[in-house]
Amino acid sequence: MVENKKYKLLSENSKIRLSESSSIASWEKHYGTDYDFTQLDDCYENSELAKKNNENDNKINKRETWVGKNDFFLSALAYAVGLGAVWRFPYLCYKNGGGVFLIPYLIFLVTIGFPLVFLELCVGQFTSNGPLTCWRMTPFFRGIGLSMNIANTYLCIYYNVILAYAIYFLYHTLKNITGNLPWENCKVEWSSPNCLDEHNTFNISLINCTNDFLKCKNGICYEKFNFLNETLNCSSKELVIAGIWKSAFPSQDFWDKIILEKTASIDETGHLVWQLVVALFLSWVLVFLMVLNGIKVSGKLVYFTALFPYFVLIILGIRGLTLPGAYEGIKYYIYPDLSRLTDYTVWTDAAVQLFFTLSVAYGGLITLSSYNTFHTNIMRDAIFVTVSNCITSIFAGFVVFAFIGYLSFKTGREINDVIQAGQGLAYVVYPFAVTTIKGSVFWAFLFFFMMLVLGLDTMMTSVESLITSILDGFPCLKINDKRRKITVALTCLALFLGGLIFCFQSGTYWIELFDAFSGSWAILLVACLECISISWFYGFDNIKNDISAMLGCQLTRKKYFLFWKIMWTIVSPLVLTIVCVLSWIDFKGLKLNEYVFPHWSNVFGISLSISTLSGVIIWSIFSVAHTVFIQKKPFKSLFVPGIGWKPLKEEHCILVNELHKRDFSENFDKGIIKKFFKQFI
């Protein structure tokens, strides 16, 4: 073994244990040859960073790291590929011009998806901190981490209720494991008058409800005149059914009347549905057990939870493609309507969906990468995770629309009348489709279990992100394992109690409200501020040096690395700003299928979006007041990296300082924002 004198000197002077197996050749391959390591000891001893790292190793400063080689990649993949790939992407693709929707989606994948995923992974891995405490490269923008946690909290509160629905459906499926699924036939005790199943239980049929009949909103077509030849209306008491002009699946009535016990509008709160409360509690127990012992357990669980949904999707896809009518459904899914490209709604929907599926700006990616070793190749992982997410969403669309085409074939209804938005796609359309297939109980169990696993993947990381932020913000909670477990328990309990509002009879309306507003334009602005704070204020050259410390100078000196500079400094902020403005222009109020939400609910939703941004707004005001007016420091100091912007280990701090070759404040003076500050300083 070649003895590395440079490392030996560094180890003796700084008393840092570096790997004895490291060689000069290995170092120079990654970082070059123009570094004077004999001066590193002075650099470290004189730096402000070192003064914060002089403590003994204790539990507060320690950080868990992934044990397995693929733990991080599978965790990031499982977090990104969630329920949105199954019940949101296929509908949006159909709604926005079929295959044409893929054009803006893929454009945003390159201009927003890749850059932001890589950026967040870099920040988390470099600092080994969660979203609340990692944003210290520009103290003025530390509120970005707070806004991420606010958005993530909203997500955790309502997202787990969707898992509760899957648990409740699983209960009904297993309860009837030896018989028929309960939503297979229309039943008098819960079905609506226009319920029509494959067996025509009520012996009524679809008709063309012309002007000779009375067409009512409940989907029933009545005789227009009574025996006295008097004209009737839909509120008349003595109505004679002529047929159905718009049928309801039995699964629709089962969903509305049994699962949700749904009220007519969000204004009618109703009572708590205790079955949903129990299901929600069980879903939180599952999440609690998965995150209780940290990544050493969750890192192993993802080997099943991340891969199992792909196994199920492939099985369902093979079965769906063999069903009659599948081709027509897929044609509706991918058939391109090029005229829709001029509709900016298509572009805003594509951007928001990309954020929803990749979970960008929610803090989860930062949390996962914070448990990486310092030299993990996150650029490779960022690309793989993003591409895998895109492929999964597209493939899930083929699976879902194959079944929708089959359902259209079986019922004789147009695909326009079969497909539904939101939760209905997962909990109405598919459940009824499987009732017409042999072995329906098996297919239903497989689907709902897949939905549960997909949701648990996202919830596991989302809750872990909140826990990480709490522990990073209050390090005393890390002192022993008991404190951490109590923190996890109290957090899950608080989120469970917050989710009870969605267990009322009007809960499904509130889920749609939170889903539409908590992660809309506000998240786009948070992501935009991410790019601006790092590439404009901290400076691309500085973040490039930090990435060089993690991945090696050999990689950052490649010509293609210029792609990240162009994206982070110009393209991504510009695209995010344009999409955000278009979403404001396009806003017409929330609507779900035929139900139009009242005005007050839209006002509440906008307030919800603004509250997501409150972290950035409140922190910026506080930081200016505290730094400029109380501490009497110059305004410029708010944009100079704080003490906390550093790697966790001492040897990595030294490496970063040497790569920067000068103090951070000196490097700041060369930034592109210098001219901006001259008018204030």
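**Reading a predicted model**

Mentor: Let us begin with burial across the chain: of the 681 residues of the protein, 57% count as buried. Please keep in mind that this is a predicted model.

Trainee: How many helices and strands does the protein have?

Mentor: The protein contains 29 helices and 5 strands. A further overall view comes from the contacts: among those with a separation of 6 or more, 81% are made by residues 24 or more positions apart. As for the surface, the accessible area is about 29,400 Å², and carbon and sulfur atoms hold 61% of that area.

Trainee: How should I read a nonpolar core, and which residues have the most contacts inside the largest one?

Mentor: The general idea is that in soluble globular proteins, nonpolar side chains tend to be buried together. In this structure the largest nonpolar core has 194 residues, and those with the most contacts inside it are Phe118, Trp135, Trp284, Phe355, Tyr427 and Val463. Helix H9 (residues 143-175) supplies the largest share of this core, with 20 residues. There is also a second, separate core of 7 residues, including Leu214, Cys216, Tyr222 and Leu232.

Trainee: Taking one of those residues, what is Phe355 in contact with?

Mentor: Setting aside neighbours within four places in sequence, Phe355 has contacts with Ile112, Leu116, Val360, Ala361, Tyr362, Ile523, Leu524, Ala527 and Leu576.

Trainee: Which residues does UniProt list as "binding site"?

Mentor: The unreviewed UniProt entry lists Ala80, Val81, Asn389, Leu454 and Asp457 under "binding site". These residues are spread over 378 residues of sequence, yet they cluster in space, with a largest C-alpha distance of 13.5 Å. From this set, Ala80 is part of the lining of the second largest cavity.

Trainee: Where is Ala80 placed, and is Ala80 buried or exposed?

Mentor: Ala80 belongs to helix H5 (residues 71-80). Ala80 counts as buried because its relative accessibility is 3%, and the cut-off for burial is under 20%. Beyond four places in sequence, Ala80 touches Thr357, Leu358, Ser359, Val385 and Asn389.

Trainee: What does the side chain of Asn389 contribute at Ala80?

Mentor: A polar atom of the Asn389 side chain lies 3.0 Å from the backbone oxygen of Ala80. Asn389 is found in helix H17 (residues 378-411) and is buried, at a relative accessible area of 1%. Apart from neighbours within four places in sequence, Asn389 contacts Ala80, Val81, Tyr105, Thr357 and Leu358.

Trainee: Why does Gln125 count as buried?

Mentor: Gln125 counts as buried because its relative accessibility is 0%. Gln125 lies in helix H8 (residues 102-127). Among the residues that Gln125 touches, not counting those up to four places away in sequence, are Ser369, Asn372, His375 and Met550.

Trainee: How should I read a loop residue, and where is Asp267 placed?

Mentor: Asp267 is in the loop between helix H10 (250-259) and helix H11 (274-291), and is partly exposed, with a relative accessible area of 47%. The side chains of Asp267 and Trp600 make a polar contact of 2.7 Å. Asp267 and Ser506 are 239 residues apart in sequence, but 7.8 Å apart in space from C-alpha to C-alpha.

Definitions and conventions. Residues are numbered from 1 along each chain as its sequence is written. This is a predicted model: local features need pLDDT of at least 70, side-chain atom pairs count only at pLDDT 80 or more; totals for chains, interfaces and linings use all residues. Side-chain values use heavy atoms; hydrogens and water are left out. Helices (H or I, at least four residues) and strands (E, at least two) are DSSP runs, numbered from the N terminus. Buried means under 20% relative accessible area, exposed over 50%, partly exposed in between (1.4 Å probe, protein chains only). Contact means heavy atoms within 4.5 Å. Accessible areas come from the Shrake-Rupley method with a 1.4 Å probe; for residues, only the protein chains shown count as cover. UniProt positions are given in the numbering used here, feature names are shortened, and annotations may be inferred rather than shown by experiment. On a 1 Å grid over the protein atoms alone, a cavity is a set of points where a 1.4 Å probe fits but cannot get out, and a pocket is an open set with protein on both sides within 12 Å along at least five of seven lines; lining residues have an atom within 4 Å of a point. A polar contact is a pair of N or O atoms within 3.5 Å; within protein, one must be able to donate a hydrogen and the other to accept it, and residues adjacent in sequence count only if both atoms are side-chain atoms. A nonpolar core is a set of buried Ala, Val, Leu, Ile, Met, Phe, Trp, Tyr and Cys residues joined through side-chain atoms within 4.5 Å.
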